[in-house]
Amino acid sequence: MKRASILFAALIALVELAAFGASFLNNMAEHPHAAVPLGILWLMFRYFTIWTNTLVGLAFGWMAWRKRALAKPFLAALVLWILIVGVVYHLLLAGDAPLHGLDYVSNLLYHTAAPILVPVWWLAFAPKGGLTSHHAVIWLTWPLVYLVYAVIRGLETGFYPYFFLNLDRLGWGGLGLWCVKFLVAFWIGGLVIVTLGRGLNRLGISR
């Protein structure tokens with residue numbers, strides 16, 4: 001990895017660390033009776049946003065520390081997953097009520113900054129050769145595992161982190177339909193990233 005790539009990766013890792021810290025402190029303020037830190041972490045890791053951004057932070061922190069890029073398909077997968085986080089939030093989840101304080105900071109970093117910075121890093125620095133349509137299918141594993149986890153946790157606790165996963169309101173049919181929609185969106189997004197990576201590779205912009 002070149003110096004600029006390493007520094008950019010370190011910036012992304014720091015953004016993710018700041019977002020996690022702001023989210024943790026905000027949850028402490030909103031749930032003062034939760035056990036610290038395990039109770040707060042249990043509350044935070046209900047969301048795909050937290051899981052995915054944490055994975056991104058760990059991946060880019062590792063690359064900045066080791067000065068070595070991770071596997072090409074995994075880097076492309078991170079781009080897909082974090083982009084979906086940003087798109088879904090801004091299209092479906094962002095409410096009209098303004099956020100304040102740490103809640104605003106964590107949402108801005110998680111849902112806007114990271115979904116911009118990670119694709120920019122990938123476009124500028126990541127090797128992209130060898131991506132295939134098969135990878136777009138493999139990349140469905142992460143959202144699929146989360147969907148199963150969220151539904152099982154919802155059945156146990158009665159709390160569903162997103163309206164489109166609320167089994168009590170949607171029923172199994174409605175829930176299944178939403179899950180299919182999201183997996184199809186992930187698959188199409190993956191195919192777009194594969195196509196983009198192939199195109200950039202042919203142009204000699206990346207390896």
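This is a predicted model: local features need pLDDT of at least 70, side-chain atom pairs count only at pLDDT 80 or more; totals for chains, interfaces and linings use all residues.
User: What is the mean pLDDT of the chain?
Analyst: The mean is 92, and 97% of the residues reach 70 or more.

User: Which helix has the lowest mean pLDDT, and which the highest?
Analyst: Helix α2, residues 38-44, has the lowest at 91. Helix α3, residues 48-66, has the highest at 97.

User: Now the rings. How many aromatic pairs are there?
Analyst: The structure holds 19. One of them joins phenylalanine 48 and phenylalanine 186, with ring centres 6.0 Å apart. Their planes are at 80°, over the 60 degrees cut-off, so this pair is edge-to-face.

User: Where do those two phenylalanines lie?
Analyst: Phenylalanine 48 is in helix α3 and phenylalanine 186 in helix α8, so the pair ties together parts 138 residues apart in sequence.

User: Buried or exposed?
Analyst: Both phenylalanine 48 and phenylalanine 186 are buried.

User: And tyrosine 146 with tyrosine 149, how are their planes set?
Analyst: The planes are at 50° and the centres 6.0 Å apart, so that pair is tilted. Both tyrosines lie in helix α7, three residues apart, about one turn of the helix. Tyrosine 146 is buried at 7% relative accessibility, whereas tyrosine 149 is partly exposed at 26%.

User: Which residues form the aromatic cluster?
Analyst: Phe20, Phe45, Phe48, Trp51, Tyr146, Tyr149 and Phe186.

User: What about arginine 66?
Analyst: Its charged end sits over the ring of tryptophan 65, at 5.7 Å from the centre.

Conventions
Residues are numbered from 1 along each chain as its sequence is written. Side-chain values use heavy atoms; hydrogens and water are left out. pLDDT is the predictor's confidence in each residue, from 0 to 100. Helices (H or I, at least four residues) and strands (E, at least two) are DSSP runs, numbered from the N terminus. Rings of Phe, Tyr and Trp (its six-membered ring) pair if their centres lie within 6.5 Å; planes under 30 degrees apart count as stacked, over 60 as edge-to-face and the rest as tilted. Buried means under 20% relative accessible area, exposed over 50%, partly exposed in between (1.4 Å probe, protein chains only). A charge sits over a ring if NZ of Lys or CZ of Arg is within 6 Å of the ring centre and within 35 degrees of the ring normal.
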